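Hello,

Here is the structure to look through before we next talk. Please have it open while you read the notes below it.

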Amino acid sequence: MAWPLLPARWRARVNPTTAITVLTFAAPLLERLAAGGRAVLPPLATVPVVDLSRYGGLWYEVARLPAPFEAVCSGQPTAEYRPAGRGADGLPRVHVINRCTDAAGKRRQARGVARAVKGAAGARLKVNLGPAWLRWLPMTWADYWVLHVDGDYTEALVGEPRRRFLWVLSRQPAMAPQRLNALLTLAQQQGFDTARVVYPKA
């Protein structure tokens with residue numbers, strides 16, 4: 001709603017989709033600051049290790065908790081991860097490309113980067129889908145925690161500690177119902193509100 005009120009030079013450099021993405025991921029930090037850090041959630045368990053080279057490639061979103069930055073998506077979103085070497089800290093970096101189709105049939109795309117969290121063996125990442133010139137702001141980086149990935153890297157469950165966002169990912173557009181139910185049960189056991197899960201159409 002505040003987009004038209006921003007200075008024209010800002011609007012020329014950042015499109016509305018990017019702005020919504022950044023603000024959505026920043027919301028948990030702002031909420032935590034406003035609450036004085038009083039909200040305490042149980043620890044969120046991730047898998048012990050994720051081989052990011054095997055995790056790379058194309059994933060289809062089979063189910064998710066509603067996310068404002070995906071509200072524009074009508075078709076099934078995809079996420080593509082491409083290894084991008086290591087940063088100055090020696091930790092792996094990953095290029096991120098999120099795509100979906102809106103209600104008008106237009107292809108939407110958001111590009112970003114992910115960086116591995118030290119000591120998490122690839123299971124915890126920080127993701128930034130904002131423009132490069134904003135990435136120095138800590139609030140533009142969002143948690144991306146891998147809660148499950150199978151041995152063949154064909155299915156994954158991804159969430160974040162505040163349980164606001166959740167994604168069930170598959171290498172194929174569809175997932176066997178029993179596997180989908182198993183992953184949603186795992187998410188529920190970890191404190192996610194799976195009653196709110198939505199299922200995008202391929």
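**What was found**

Arg-179 counts as partly exposed because its relative accessible area is 32%, a class that lies between buried (under 20%) and exposed (over 50%), with a 1.4 Å probe and protein chains only. The model is predicted, so local features need pLDDT of at least 70 and side-chain atom pairs count only at pLDDT 80 or more, while totals for chains, interfaces and linings use all residues. Residues are numbered from 1 along each chain as its sequence is written, and side-chain values use heavy atoms, leaving out hydrogens and water.

**Salt bridges**

What does Arg-179 meet in a salt bridge? Its partner is the side chain of Glu-155, at 2.5 Å from N to O; a salt bridge needs a side-chain nitrogen of Lys or Arg within 4 Å of a carboxyl oxygen of Asp or Glu. This pair links distant parts of the chain, with Arg-179 in helix α4 and Glu-155 in strand β7, 24 residues apart. Helices (H or I, at least four residues) and strands (E, at least two) are DSSP runs, numbered from the N terminus. Glu-155 has a relative accessible area of 8%, so Glu-155 is buried.

The count comes to 8 salt bridges. Another of them joins Asp-143 and Lys-126, whose closest N and O atoms are 2.8 Å apart. Asp-143 is in strand β6 and Lys-126 in strand β5, 17 residues apart, and this pair too links distant parts of the chain. Asp-143 is partly exposed at 26% relative accessibility, and Lys-126 is partly exposed at 26% as well.

Arg-82 and Glu-80 also meet through their side chains, at 3.0 Å from N to O. Arg-82 is partly exposed, with a relative accessible area of 37%, whereas Glu-80 is buried, at 16%. Salt bridges also link Glu-61, Arg-64 and Glu-70 into a network.

Asp-150 belongs to the loop between β6 (142–149) and β7.

**Strands**

Strand β4 (residues 107–116) pairs with strand β5 (residues 124–128) in the antiparallel sense, over 4 bridges; pairing requires at least two bridges found by DSSP. In that pairing Ala-114 has Val-127 of β5 as its bridge partner. Strands β5 and β6 also run antiparallel and are joined by 4 bridges. There, Leu-125 has Tyr-144 of β6 as its bridge partner.

**Aromatic rings**

The structure holds 7 aromatic pairs. Rings of Phe, Tyr and Trp (its six-membered ring) pair if their centres lie within 6.5 Å; planes under 30 degrees apart are stacked, over 60 edge-to-face, and the rest tilted. The ring centres of Phe-69 and Phe-165 are 5.5 Å apart and the planes are at 65°, so this pair is edge-to-face. Phe-69 is in the loop between β1 (57–64) and β2 (78–86), and Phe-165 in the loop between β7 (155–159) and β8 (166–170), 96 residues apart. Phe-165 also pairs with Trp-167, and that pair is stacked, with 6.0 Å between centres and 25° between planes. Phe-69 and Phe-165 are buried, and Trp-167 is buried too. Elsewhere, ring pairs join Tyr-55, Trp-59, Tyr-81 and Tyr-144 into a cluster.

Regards
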